[in-house]
Amino acid sequence: MADTSVSYKNYTNICGTEFQPYVAKQIEARKSLVLKDPRTNSDLQWLNNKSSWIRISSGVDVDQDNARFLEKGDKLAKKYILQAGLTDHTSKDGSFNLREGFGSDGAYGIGGNDFGQRPMPGVTNLSIQTGGKLGTLREANIDFVCYNKGQLDIMDALYMKLGMSMLIEWGHTPFINNQGVLQTIPLPMDFFGVPDKEALMNEIQTKRVYHDGNYDAMWGIIKNWSFSLQDNGTFKCTVSLVGAGDVLESLKINQSGRPTSNSDTGSIYPVVADANKSYLNNALYYLWNNLEGLGAGESFIGRDYFKSLEQYFSNLDIKLISDNETTNIFDLNTPLIKSGFQFSIISGLQNTTSNNGIIPEIDPTLFFQGVNIPYEINGTKSTENPTSQDQQGLSQIYLTLGNLLLLIMSTGNLFDKNGSNKKPYIYIDVNTETNRCYTFPGHCSLDPTVCLIGSEKLPFGIQSEMFTNILKVNAPFYDDKGLGGRFMYTLVNINHVAKLMSNLSSNDPKGDVYIVDFLQELLKSISKACGGFNDFRIVPDDDTRCIRIFDDKRTTPPITNSSIEPYTVIPVLGKGSLAYNFNYTSKISPNTAAMIVISSQAEPTGVNISNEALAFSKLREGLTNRLAVVRVDSTDISPTKKETPEEKKQREDEEKLASDAKYQELRDLIINIYDGTGGGITESEAKAQKEAQKEELQRFD
């Protein structure tokens, strides 16, 4: 049924990218059908006779010593699947059978007949929406009816136990495939044959692709339920489900640590003082302790680095093949080494024989690394002659952001355990090739106490041995093809990580550090340290149970082939419309509303609100407000006096001098941080480089 010729879109962390190809093709197939004239009987059947279908399967098994039910294991859940009333999946041939007739296992009689023959339970409503603190959490509400107490007991055990899981599948029948052919029989999955959640997520995506987008499913956890007795003797039941993101928002990462006897709890540096406060703090201290003796620019990568932290990665089942230098470093069957826990189900069906849906492998030698890079403060290396408690006297040790996220996943996560096998309850996507952020050639960190990045070069022609050392270990960060920086190679200062954890713990009544709060603060600090060019946010993806990081300032590269249509168009009006309802609403904050009202009535340079405000003055182009012709701010002390040409030139010269002074100040700051030299360039050459820098920024915007 699925169109196997469709290539699957590469997994990406760009927000607002195009639909998956099979979804876009389904939209085109529907547009073609509604435009047909004349229409066939099958066309009319699809247009006028679609019905929704729902299947809800319980993830509850009955223990062998449970005396309430005769059906043990998954048999009770198989016997009472919420679909078309209650569907039975206990037959030996594995079929799904609808109930009929009377009796204890028929359409009438389940739960007893104390009040006469009563029908079987059935779903009356299903709604799916998003919510949660981050607005990306998938939630579901299910309403169903039970007709006697016996039915309520069964439904209570299967579908109304807090913390238990269930699978919801839904779609329409009939539907059309991507070739425009009418299909009348959807094929939901056999939930009870799936071994683990990773296989379940792959199977859900397989079904989506097989049905050309006419199928969807949600695997959720029961968070609330209720029932009420109605005046007709029935029980009205409601169950609420949430995806993995609900647990994410309450997950703390400062789990109890291991004692470290040689740490100094009185140190002014959090990475040292807090070594025993949590498992993650202990790992950070262990890393610092192993690296602080290295020389400037020396790194601790690959095998040696990993062996120093192997105990902290044990929960993720990452392992060395052997200690033999001639063999591969890591077990390449480990999902982390292959893809950074980035599931191929995002891109489509898992495919290892072609380029469709292939996920780039990460380089463990570059990924697992720590590096000692002291920076300069007024010509003094940050590890020499301490004059500032906050910034000097401590070796500056960095690890890659992706590596840090894996430490968090291993030391501060929940795990699904089956015997000796453990898998993370929530993954974090750390793939180095597909996690990209906005960058440009002269992009650099202005605060090495937070992070460092290896861009193509420092701005203003600055030469720096320190930056050369950064490039030696962080060269993969920059991509000259304009695809964005490899964000997971960002070098994060471990003392900054420990300081963030200390601050968040101090601000929480119980001393907890929650993963959502920590990641938000970490990403905010990285963006600020690198000039504020990035706008990072975390997105829990319920389809993969994976945390993803988006940079909303990064856009897709421009399409150079004009024959390629960059957008999928969904008509909302006309004969080809696919929309049942359409509305357009603008919602803005009070501050933005004030900015629009004022700036739309201002002269082009009349009100100093923001650079974006001037665009709103176009809203009144060609029109005049009779009672308030022009609005100005309080800095215009002579609003009625017209500026002379001489005054205008003087003002422009002063503004240019102020701009050049700020430009020179920034240049001196970067030279100071990186112990750099300007290469002996003159002031005029610096101005020329300023213009060249502007061109570079425009080229990458």
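**View A. A nonpolar patch on the surface.** Val572, Leu573, Phe582 and Tyr584 make up this patch, and together they have about 520 Å² of accessible area (Shrake-Rupley method, 1.4 Å probe, with only the protein chains shown as cover). Patch members have over 30% relative accessible area and no salt bridge, and nonpolar side chains are joined within 5 Å; a salt bridge would be a side-chain nitrogen of Lys or Arg within 4 Å of a carboxyl oxygen of Asp or Glu. Tyr584 is exposed at 75% relative accessible area (exposed is over 50%, buried under 20%, partly exposed in between, with a 1.4 Å probe and protein chains only).

This is a predicted model, where local features need pLDDT of at least 70 and side-chain atom pairs pLDDT 80 or more, while totals for chains, interfaces and linings use all residues. Residues are numbered from 1 along each chain as its sequence is written, and side-chain values use heavy atoms, leaving out hydrogens and water.

View B. The structure holds 14 aromatic pairs (ring centres within 6.5 Å; planes under 30 degrees apart are stacked, over 60 edge-to-face, the rest tilted; for Trp the six-membered ring counts). Here the pair is tilted, with 6.5 Å between centres and 45° between planes. Tyr438 is buried at 10%, whereas Phe533 is partly exposed at 31%.

**View C. Phe467 meets Tyr674.** With centres 6.2 Å apart and planes at 80°, these rings form an edge-to-face pair. Phe467 is buried at 6% relative accessible area, and Tyr674 is buried too, at 0%.

Methods. Patches are made of residues with over 30% relative accessible area and no salt bridge: like charges are joined within 9 Å, nonpolar side chains (Val, Leu, Ile, Met, Phe, Trp, Tyr) within 5 Å.
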